[in-house]
Amino acid sequence: MSAIPHLELCAVSLCYDEVRALQNVNIKVPTGDIVALIGANGAGKSSALRAITGLRRVAAGEVRLDGHIINSPSAQEQTHALVRQGVVMVPEGRHVFPHMSIKDNLLMGAYTRRDPARIASDLESVCERFPRLRERFHQHGSSLSGGEQQMVAIGRALMARPRLLLLDEPSLGIAPQVVRQIAQSLVEINRKDGITIVLVEQNSRMAMSLSSYTYVLETGNVALEGPSRELMNNDHIKRLYLGG
Amino acid sequence: MLQVLINGIVLGSVYALIALGLTMVFSIMRVVNFAHGQMYMLGAFVVYYLYGQFQLPFWLALPLAGLALAVVGVLFNRLFFQPVLASAKREENSMLMAVGTALLLENLALTLFGEKQRGVPPVVDGSFIFGDISEGGAILTYPNAMVAALSVTAIAALLLFVQYTRPGRALRAVAQDKEAARLQGVDVKSITTLGFAIGAALAGLAGGLLVTIYGVNSGIGSNISTKAFIMIMIGGAGVTSGAIVGGVLLGFAEAIGYDLLPGSLTYLLIFVAMIVFLVFKPNGLFGKPWG
Ligand SMILES: Nc1ncnc2c1ncn2[C@@H]1O[C@H](COP(=O)(O)OP(=O)(O)O)[C@@H](O)[C@H]1O
Ligand SMILES: [Mg+2]
């Protein structure tokens, strides 16, 4: 018998008033994997993450975490409660607290925790992972470059000790060498810390090279899915998402 | 001159306390609590009854005024502000609701306490004298000194709380980015309630302090609210440092005005100055919330 997936979207639909952003979407995320979610602007990628984090109630279907329903039309776990269960998101556009120091931003990530000694040592490891942050430890979030803000946002998410890390377009608007650094750190986070990752990207090449499995969203539907390696050789994918 | 400076410091420190409470609520809910002055008035009445009438020690009555208003704040938030803000499609809705709560409190106070002006016996007696009063010296009464010292203490405590504690950080996070705060595991609803409670408690403390100098009547609320609006408009709504600077500036403007001008002219000039100021700096001295 196969293990229960860590995360599962079963026939999920999600609406904003008249707009149907997701339609009958099925996604499985096995424990310990990196799963990519790619698609054009407006395809519904962020909406899928909003369904998982409980930021928006689904209109149909259900989201399951370790087999337990966390979002369905009749019942929904609150976002802040899901953080305590290890579901942590790095939102699109980073959403670093602008008038807070890097240190306080990172401490906000540890908001749900009550173990000061380990919070302090985790703060240290985030700074080791992103040394740039240590240099700017007391500067405000708004004074940072896009890449630095993304490091803060990822570091902040790690401070929560997540089991499931959701990233919404971490490469958006960031210099290519920083994107490589961030990609590298995601692999480490997954392998060393054993954190399951859902990576939403428009940078399809990056997302597919990092992930083991990829879902392609088109106008709210899963248009295509498969092991990332295979999909990279798929003609449709090559033409539409890999620019050649 | 020295006297004006002393008066300015005393007024400025309490005003800063009043402005901080209003700005706290604004930064978190993006709504002006029009009832802030009425909450001040209630705090003054709590001290009037507990200390002035029932003869509890002032040191007990004052924190109780803060606590009582925190409770009022929680109730107001849960009963009026959160439901209306959740369903309001337009800003006017929440503004009207806020004005309504101010009228509610004022009429409640008129019914319960009447309209008489009331005072309390002095908490401390005596004064510091600096130099020769007839030759430019100045006087600082103990009651004034106590009000200033306690205001500054309360302000310092608030700033330390907001800057260095876990709930303080959560308050700042909610003020800056609600959704990001939620994604860090913050229960935004509870933290909003906490912010409202603190804002109301600060109004209550300020009222409980100033009743020892100026007394209280049921109608002073709107007067205090107006002053509080001026202060946070000077500093920039939702900005901590702005509230403090706005409070101190208004305190000094009042102290200088009352020294030089006949009675009502001071506020006329303050209003004109503020309108001119807002034309040039519509967001106040400091731009963004919780800098
Ligand atoms: N808050 C919202 N209100 C109304 N429509 C929205 C909202 N957010 C997203 N949408 C719509 O839902 C669809 C999917 O959006 P989204 O999930 O953000 O896509 P993606 O992240 O793939 O770019 C789009 O058509 C978008 O316009
Ligand atoms: Mg998106």
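**Figure 1. Chain B in the predicted model: overall dimensions and fold pattern.** Chain B has a radius of gyration of 19 Å, which agrees with the value near 19 Å for a compact globule of 291 residues. The radius is taken over C-alpha atoms, and the globule rule is 2.2 Å times the number of residues to the power 0.38. Along the principal axes, the C-alpha atoms of chain B fill a box of roughly 65 × 50 × 35 Å. The chain holds 11 helices and two strands. Its pattern along the sequence is α-α-α-α-β-β-α-α-α-α-α-α-α. Helices (H or I, at least four residues) and strands (E, at least two) are DSSP runs, numbered from the N terminus. Of the 291 residues in chain B, 52% are buried. Buried means under 20% relative accessible area, exposed over 50%, and partly exposed in between (1.4 Å probe, protein chains only).

Conventions for the legends: this is a predicted model, in which local features need pLDDT of at least 70, side-chain atom pairs count only at pLDDT 80 or more, and totals for chains, interfaces and linings use all residues. Residues are numbered from 1 along each chain as its sequence is written, chains are lettered from A and ligands numbered from 1 in the order in which they are written, and side-chain values use heavy atoms, with hydrogens and water left out.

Figure 2. B:Tyr15 sits in helix α1 (residues 2–29) of chain B. From B:Tyr15 to B:Ala148 the C-alpha distance is 10.0 Å, across 133 residues of sequence. B:Asn33 lies in the loop between α1 and α2 (36–53) of chain B. B:Asn33 and B:Ala156 are 123 residues apart in sequence, and their C-alpha atoms are 23 Å apart.

**Figure 3. Chain A: dimensions and secondary structure.** The radius of gyration of chain A is 18 Å, in agreement with the value near 18 Å for a compact globule of 244 residues. The C-alpha trace of chain A spans about 45 × 45 × 40 Å along its principal axes. Chain A comprises 10 helices and 10 strands. Buried residues account for 54% of its 244 residues.

**Figure 4. The shell around ligand 1 in chain A.** The residues around ligand 1 are A:Tyr16, A:Val19, A:Ala21, A:Ala40, A:Asn41, A:Gly42, A:Ala43, A:Gly44, A:Lys45, A:Ser46 and A:Ser47. Each has a heavy atom within 4 Å of the ligand. By class, five are nonpolar, five polar and one charged. Here Ala, Val, Leu, Ile, Met, Phe, Trp, Tyr, Cys and Pro count as nonpolar, Asp, Glu, Lys and Arg as charged, and the others, Gly among them, as polar. Helix α1(A) gives the largest share of the shell, three residues.

**Figure 5. Polar contacts and cover of ligand 1.** A polar contact is a pair of N or O atoms within 3.5 Å; within protein, one must be able to donate a hydrogen and the other to accept it, and residues adjacent in sequence count only if both atoms are side-chain atoms. A polar side-chain atom of A:Asn41 is 3.3 Å from an oxygen atom of ligand 1. At A:Ala43, a polar backbone atom lies 3.2 Å from a ligand 1 oxygen. A:Ser46 places a polar side-chain atom 2.7 Å from an oxygen atom of ligand 1. On its own, ligand 1 has 550 Å² of accessible area, and the protein covers 60% of that. Accessible areas come from the Shrake-Rupley method with a 1.4 Å probe; for residues, only the protein chains shown count as cover.

**Figure 6. The magnesium ion, ligand 2.** Which residues coordinate the magnesium ion? A:Ser46 (OG) and A:Glu92 (OE) do, at 2.0 to 2.2 Å. The pair links distant parts of the chain, 46 residues apart: A:Ser46 in helix α1 and A:Glu92 in the loop between β6 (87–90) and α3 (102–109) of chain A. Donors are N, O and S atoms within 2.8 Å of the metal (3.2 Å for Na, K and Ca); water is not among the atoms, so sites may look incomplete. A:Ser46 is partly exposed at 22% relative accessible area. A:Glu92 is partly exposed too, at 33%.

**Figure 7. Positive phi at A:Ala11 and A:Thr219.** Most residues other than glycine have a negative phi. Phi of A:Ala11 is positive, near 50°. A:Ala11 belongs to strand β1 (residues 7–16) of chain A. With a relative accessible area of 32%, A:Ala11 is partly exposed. A:Thr219, not a glycine, has a positive phi of about 35°. A:Thr219 is found in the loop between β9 (213–218) and β10 (221–227) of chain A. A:Thr219 is exposed, at 68% relative accessible area.
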